[in-house]
Amino acid sequence: MMRKGSDRMLATNEEMQRMDLRAVEEGHVSMVQLMKQAADALFEALCRRYGRKCRYGIFCGSGNNGGDGYALALRMKAEGIPFVICSLREPRSACARHYAQLLEESGEKVLELSRYAQAIEAADVLVDALFGTGLNRTLSGDGALLAAALNASGKPIVAVDIPSGLDGDGTLRSDTVVRASHTVTFECVKKGMLPYSSRIFCGRIECVPIGMPNEVKECADPTIVLDPVNVRPLLPRRRAQSHKGSYGRVLVIGGSRRMSGAVILCTRALLRSGAGLVTCLLPEDIHPIVASQVIEAMYRPVPSDANGQLTEGCLRDVTWTDYDLIVAGNGMGRGEATRSIIRQILDSEVPCLLDGDAIYEAGVHDLLAPVCKKPVLLTPHMRELSYLCKEPVDLLREHPQHSAQAFVWAHPYVTLVAKDDITWICQQERLALSIIGSDALAKGGSGDVLCGMIAGLYAQSKDAFAAACAGVYAHAYAAQQLAAHEDSMSVLASDLIEQLPQTYRSLRDRYCGRPDVL
Ligand SMILES: NC(=O)C1=CN([C@@H]2O[C@H](COP(=O)(O)OP(=O)(O)OC[C@H]3O[C@@H](n4cnc5c(N)ncnc54)[C@H](O)[C@@H]3O)[C@@H](O)[C@H]2O)[C@@H](O)CC1
Ligand SMILES: [K+]
């Protein structure tokens, strides 16, 4: 199956080159114009992230990646943004020569390689436009020397299209690779960036459209790369003629004396994500704490064991048909009672979402049968995925999508969300990827918020894949919105929940062809 059209996609070097060629040959756009569009998109991304006041150091190779650097310098000059530019060697490609010449005609001096140290010293942010998808051998000589000098500077590095030394297909691996803090990649995410051992060189990956005509966009990889445009239709619609029963009745089963916050975060995110009616079944000793924090939910406090955890018999009085979705695992604690509770939930006919300790028990004790009549959503991080797939975390992290896909083929009723700095959403025939994770999310509690968000969206749409994709994307989008205004280190899981009204609003209504933060 080929992916075509307007979505962001995963592409190989060859596919990118073919798109370029077709765009030009079929008369949609000239190569010079496409490079200008790429440089403009890069310019916008840099201004969003680093502003217009810092001094940029642009380092250009001889091919079209270098050409992007010269075209960027021209735009910066026109906008009055300070920069210094240095070339690895004379531009060789026609487009790179074109923009290098325009820059020279504008009176700008391009520093020769021998003055690279001066250029690095003079800049606040370094732009790596040395090699892109045309890299066809490992970095050596001057290229490797300059890459190492950029790395040694300790300054933020923005890689243009792909960090120099990485290969878009993931087959070549240079000894020296530019270690970027941020990679602005054009039109499609390059497949070679995704394995963990590669993306540590990319930093934050941002994929920007550069106006490649849809007619020529074609990739073999079926993965949907989530973006504001394809996520928007996945958000549930609210109807004028509706009531709380129209948007799903959800039962949250979780919490323990040690972890009362998890169930608070999950339940608040659930309500903020549109669920109509939410009931929490939780140990009675944490009931007052949780109820004081979430006044909109209903409660079923039940006796707990000596550790303040739920007991095996806690579901005795539950009438399953009262609910459209069961959410379980947040702050529940592990052990035999949890295992029995998860078994009972899986045996019921109600769709369920398992998170945290529920995934641990389901994975380690093989509670998920090959066949099941209802949808089950699982939201494991890499360690939890290793309990499900029985593979070591290090191995999984490199290509989690392969193991996640094998798991859903063996469990066709499962929608699996494999969480890391990039997150894969898998169903048997569908695969989506979110590349917009944020380090603001690397904090206890953010997974409980995600779980609540996906549950809230599912309660309304009853579409597990749509809910998982929209939830994952909106969660990271909220983090990015927060991190755009404050230090990402300080973002709390509960801040994400407060951000959700604005996040859903910008994803649903305000997006008019240009994202506000990405
Ligand atoms: N849609 C697209 O794909 C677009 C691509 N553009 C840019 O064009 C780039 C690809 O440009 P090119 O194909 O010219 O390739 P590059 O600019 O990546 O480099 C190619 C040049 O470097 C040489 N080279 C390759 N590996 C080397 C090594 N290890 N040591 C020394 N020299 C080496 C090649 O012989 C060639 O001369 C993309 O990454 C992107 O930045 C944009 O300008 C426009 C749109
Ligand atoms: K580069």
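Over the ring of which residue does the charged end of Arg 179 sit? The charged end of Arg 179 is placed over the ring of Phe 201, 5.3 Å from its centre; a charge sits over a ring if NZ of Lys or CZ of Arg is within 6 Å of the ring centre and within 35 degrees of the ring normal.

The views below come from a predicted model, in which local features need pLDDT of at least 70, side-chain atom pairs count only at pLDDT 80 or more, and totals for chains, interfaces and linings use all residues. Residues are numbered from 1 along each chain as its sequence is written, chains are lettered from A and ligands numbered from 1 in the order in which they are written, and side-chain values use heavy atoms, with hydrogens and water left out.

View 1. Helix H12 spans residues 356–364; helices (H or I, at least four residues) and strands (E, at least two) are DSSP runs, numbered from the N terminus. Because eight of its nine residues are buried, H12 is largely enclosed by the rest of the structure. Buried means under 20% relative accessible area, exposed over 50%, and partly exposed in between (1.4 Å probe, protein chains only). The buried residues are Gly 356, Asp 357, Ala 358, Ile 359, Tyr 360, Glu 361, Ala 362 and Gly 363. After H12 comes Asp 366, which has a positive phi, near 50 degrees.

**View 2. The ring of Tyr 360 and its partners.** The rings of Tyr 360 and Tyr 387 have centres 4.9 Å apart and planes at 90 degrees, so this pair is edge-to-face. Rings of Phe, Tyr and Trp (its six-membered ring) pair if their centres lie within 6.5 Å; planes under 30 degrees apart count as stacked, over 60 as edge-to-face and the rest as tilted. The pair links distant parts of the chain, with Tyr 360 in helix H12 and Tyr 387 in helix H13, 27 residues apart. Tyr 387 is buried, at a relative accessible area of 19%. Arg 334 lies over the face of Tyr 360, 3.7 Å from the ring centre.

**View 3. The aromatic pair of helix H17.** Tyr 473 and Tyr 477 form a tilted pair, 5.9 Å centre to centre with 35 degrees between the planes. They are four residues apart in helix H17 (residues 464–485) and therefore separated by about one helical turn. Tyr 473 is buried at 1% relative accessibility, and Tyr 477 is buried at 2%. A search of the whole structure finds two aromatic pairs.

**View 4. Positions listed by UniProt under "binding site".** The unreviewed UniProt entry lists Lys 419, Asp 420, Asp 421, Ile 422, Thr 423 and Gly 447; positions are given in the numbering used here, feature names are shortened, and annotations may be inferred rather than shown by experiment. Although spread over 29 residues of sequence, these positions cluster in space, with a largest C-alpha distance of 13.7 Å.

**View 5. Asp 421 in its loop.** Asp 421 lies between strand E18 (414–418) and strand E19 (423–426) and is partly exposed, with a relative accessible area of 36%. Leaving aside neighbours within four places in sequence, Asp 421 is in contact (heavy atoms within 4.5 Å) with Arg 199 and Gly 437.

**View 6. Thr 423 in strand E19.** Thr 423 is buried, at 9% relative accessibility. Not counting residues up to four places away in sequence, Thr 423 touches Val 417, Ala 418, Ala 432, Leu 433, Ser 434 and Val 472.
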